[in-house]
Amino acid sequence: MPGARSRRRIEANYWPGFVDALSSLLLVIIFLLSLFMLTQFFLGQELQGRDTALSRLNSQIAELTDLLQLERSNSDDLNSQIANLTATLATAQSDNAELTGQLSGIGAGLAGKDETIAGLQSELADAQDLSDEANAQITLLNQQLAALRTQIGALENALEASESRDTESRTQIADLGRRLNLALAQRVQDLSRYRSDFFGRLRQILEGRADVRVVGDRFVFQSEVLFDPGQADIQPGGTPDLDALAAAILQLETEIPPDINWVLRIDGHTDKRPISNARFPSNWELSAARAISVAQYLVTKGVSPNRLVAAGFGEFTPLDPADNDEAYRRNRRIEFKLTEG
């Protein structure tokens with residue numbers, strides 16, 4: 001009988017170790033999922049910025065292409081006008097030759113031909129003036145056509161330069177994205193390591209407290225630990241826990257390198273029952289005031305204000321959606337999360 005009792009005692013002691021191992025495995029899986037989601041978010045932001053830059057370059061290329069097409073159309077119109085004026089000039093020259101022939105065929109001794117000769121000479125002068133005007137217009141159009149060809153050449157050079165810059169920009173963006181991904185992964189890995197150390201210290205400091213627990217990547221304090229019902233002033237019974245938290249944060253500030261931007265986010269939550277307090281019109285104001293009170297207390301203990309973020313969520317993010325006292329108690333909480341700034 002004593003031997004059997006001893007075996008049962010040994011078998012019963014295996015169970016807590018198995019639960020601890022399973023809890024640790026679950027925390028690791030949740031942490032890895034959070035890390036993957038954060039990496040995907042920043043990668044998506046970078047890709048979105050790269051797509052915006054490429055869209056802007058493509059828009060510029062499209063505008064240059066439209067302008068080049070317009071200039072080419074104007075060039076075709078000028079060529080058409082030159083052809084018309086050339087035809088007019090040829091007609092005028094033909095008329096001039098015809099009038100000259102008529103004038104030469106008129107006999108010198110014929111009576112009454114002087115007026116005809118004078119009229120023909122006048123028509124010849126008019127035709128000559130028309131020819132000179134057409135030549136002037138052709139010269140002007142040729143000058144405009146040369147200037148237009150110069151502009152088209154400049155636009156083609158600008159388009160080629162823009163396409164070259166677009167290719168270089170794509171290469172630079174790809175290289176920048178690769179380097180950014182590496183830097184982001186390194187920063188996330190570093191911050192994750194410090195977060196793990198920080199939570200490890202808090203677990204040791206707050207071990208055995210039923211009203212302080214870990215939920216995902218956050219430490220959760222029940223509101224009753226720090227505040228009286230409906231109030232946002234920290235009660236004396238909750239200051240030792242906050243003092244321990246402040247000491248852990250101060251140690252963390254000395255360990256994390258300055259180039260890693262991090263903050264401790266303090267989230268206030270309430271249950272969904274309406275508040276009856278003239279000081280706080282709603283649960284939203286109460287949750288925000290409680291988060292701010294915790295942040296201000298940590299500042300009095302030496303924590304840098306730029307490392308703290310206070311947020312109020314009211315009753316809108318409950319842990320337990322049930323309508324009973326136990327669910328209400330779980331939902332009234334203050335959460336601490338170490339995250340990127």
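What follows is a short exchange about a predicted model.

Residues are numbered from 1 along each chain as its sequence is written, and side-chain values use heavy atoms, leaving out hydrogens and water. In this predicted model local features need pLDDT of at least 70 and side-chain atom pairs count only at pLDDT 80 or more, while totals for chains, interfaces and linings use all residues.

Colleague: How far apart are the end C-alpha atoms of residues 21–43?

Modeller: An unreviewed UniProt entry lists residues 21–43 as "transmembrane region". UniProt positions are given in the numbering used here, with shortened feature names, and annotations may be inferred rather than shown by experiment. In the model this stretch is 100% helix and 0% strand. Its end C-alpha atoms are separated by 33 Å.

Colleague: Which class of aromatic pair do F41 and F42 form?

Modeller: Rings of Phe, Tyr and Trp (its six-membered ring) pair if their centres lie within 6.5 Å; planes under 30 degrees apart count as stacked, over 60 as edge-to-face and the rest as tilted. The whole structure holds 3 aromatic pairs. For F41 and F42 the centres are 5.4 Å apart and the planes stand at 75°, so the pair is edge-to-face.

Colleague: Is F41 buried or exposed, or in between?

Modeller: Buried means under 20% relative accessible area, exposed over 50%, partly exposed in between (1.4 Å probe, protein chains only). F42 has 30% relative accessibility, so F42 is partly exposed. F41 has a relative accessible area of 47%, so F41 is partly exposed.

Colleague: How many residues apart are F221 and F336?

Modeller: The ring centres of F221 and F336 are 5.2 Å apart with planes at 75°, so this pair is edge-to-face. It links distant parts of the chain: F221 sits in strand β2 (residues 218–222) and F336 in strand β5 (residues 333–340).

Colleague: Why does F336 count as buried?

Modeller: β5 is mostly covered, with 6 of its 8 residues buried. F221 is buried too, at a relative accessible area of 1%. F336 counts as buried because its relative accessibility is 1%.

Colleague: Which residue in β5 does D267 stand opposite?

Modeller: Two strands pair if DSSP finds at least two bridges between them. β2 and β5 pair in the antiparallel sense over 4 bridges, and F221 stands opposite I334. β3 and β5 also pair in the antiparallel sense, over 8 bridges. There, D267 faces E335.

Colleague: Which backbone nitrogen does the side chain of T270 reach?

Modeller: T270 lies in the loop between β3 (262–269) and α6 (283–300). T270 has a relative accessible area of 5%, so T270 is buried. Contact means heavy atoms within 4.5 Å; leaving out residues up to four places away in sequence, T270 touches N283, L286, S287, G314, E315, N331 and R332. At 3.5 Å, its side chain reaches the backbone nitrogen of E315.

Colleague: What share of contacts between residues at least 6 apart in sequence joins residues at least 24 apart?

Modeller: Of the 341 residues of the protein, 30% count as buried. Among contacts between residues at least 6 apart in sequence, the share joining residues at least 24 apart is 76%.

Notes. Helix = DSSP H or I, 4+ residues; strand = E, 2+ residues; numbered from the N terminus. Polar contact = N/O pair within 3.5 Å; in protein donor to acceptor, adjacent residues only side chain to side chain.
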